[in-house]
Amino acid sequence: MTIEEKHQVLLQINGLHKEYDGTTVLDDINLSIHKGEVVVILGPSGCGKSTLLRCMNGLEKIQGGEIVFSGKDLTDKNVDWQNTRQQIGMVFQNYDLFPHMTVMENVLLGPVKVQKRDKAESLEQAEQLLKRVGLFERKDAYPRQLSGGQKQRIAIVRALCMNPQIMLFDEVTAALDPEMVREVLDVMLGLAKQGMTMMIVTHEMGFAKAVADRIIFIDAGKICEIATPDEFFSNPTTERAKQFLNIFQY
């Protein structure tokens, strides 16, 4: 990735405001995400982290502000979300794999059926990605035959097969047993090293410190702090961030 590309703003959020039944959930969120950047969003439960990701992917309507992705205003009522979501990949806590389909069938569904891409080309890409995450040998298995960590890695491969410009990860290890967390985080670390633009909501502090270019700390629907990992974990500037990190003994 060139220096120019790394300075390119891929996604811009301006004055985003989100409410649920009159209660403000996100208040005046302003944020720029650059191509190839890894941004980790931290904050207490219920502060609006996951809602922010869902707004970016069109899964939640916003009541104010704008979200501009790759030069396109996503608040425009004419946005083709089926096409846009192919460019903004998202992986959730729950894997949402189709239980009656094999691993390979789950992975190929998007590129072949939705994007109408050549099956042979999509199969080659899927096989390469499955090898990358160490699950090529399970390509004919069904979700019920996989561990939670394996299913989450398949969910990541499925999203990557759509060739997105940015990946959103919403607490993808929250539902996993502790011994399965590392295998999923290792895949995400690998993506970061390869230059994938990512926004990650997580409570894994060590992982956040290792993977992030920037930390965004949110509390009560507001961005309280934006800093490098070293700055945030060693010298947070807000009292709320200090309280939050004390819970994790940082």
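**Reading a phenylalanine cluster and its surroundings**

Visitor: Is Phe217 buried or exposed?

Guide: Phe217 has a relative accessible area of 0% and is buried. Buried stands for under 20% relative accessible area, exposed for over 50%, and partly exposed for what lies in between, with a 1.4 Å probe and protein chains only. The model is predicted, with local features needing pLDDT of at least 70 and side-chain atom pairs pLDDT 80 or more, while totals for chains, interfaces and linings use all residues. Residues are numbered from 1 along each chain as its sequence is written, and side-chain values use heavy atoms, without hydrogens and water.

Visitor: How many aromatic pairs does a search of the whole structure find?

Guide: In general, a pair of aromatic rings is described by the distance of the centres and the angle of the planes. Here, rings of Phe, Tyr and Trp (its six-membered ring) pair if their centres lie within 6.5 Å; planes under 30 degrees apart are stacked, over 60 edge-to-face, and the rest tilted. The search gives three aromatic pairs. One of them joins Phe217 and Phe232, which are tilted at 35° between the planes and 5.8 Å centre to centre.

Visitor: Which parts of the chain does that pair link?

Guide: The pair links distant parts: Phe217 belongs to strand E9 (residues 214-219) and Phe232 to helix H9 (residues 229-234), 15 residues apart. Helices (H or I, at least four residues) and strands (E, at least two) are DSSP runs numbered from the N terminus. Phe232 also counts as buried, at 0% relative accessibility. Phe232 pairs with Phe233 as well, edge-to-face, with 85° between the planes and 5.4 Å centre to centre. Phe233 has 7% relative accessibility and counts as buried.

Visitor: Which residues do the ring pairs link into a cluster?

Guide: The cluster consists of Phe217, Phe232, Phe233 and Phe244.

Visitor: What is the phi of Asp28, and what is that of Lys116?

Guide: Most residues other than glycine have a negative phi, and most peptide bonds are trans. Asp28 is not a glycine, yet has a positive phi of about 55°. Asp28 is in strand E2 (residues 23-34) and is partly exposed at 48% relative accessibility. Lys116, also not a glycine, has a positive phi of about 60°. Lys116 sits in the loop between helix H4 (103-114) and helix H5 (119-132) and is exposed, with a relative accessible area of 66%.

Visitor: With which residues is Lys72 in contact, leaving aside its neighbours within four places in sequence?

Guide: Contact means heavy atoms within 4.5 Å. By that rule, and with those neighbours left aside, Lys72 is in contact with Ile67, Asn83 and Thr84. Lys72 lies in strand E5 (residues 72-73) and is partly exposed, at 39% relative accessible area.

Visitor: What is the radius of gyration of the chain?

Guide: The radius is taken over C-alpha atoms, and the globule rule is 2.2 Å times the number of residues to the power 0.38. The chain has 18 Å, which agrees with the value near 18 Å for a compact globule of 250 residues. The C-alpha trace spans about 50 × 45 × 40 Å along its principal axes.

Visitor: How many helices and strands does the secondary structure of the chain come to?

Guide: The chain has 10 helices and 10 strands. Of its 250 residues, 50% are buried. Among contacts with a separation of 6 or more, 67% are between residues 24 or more positions apart.
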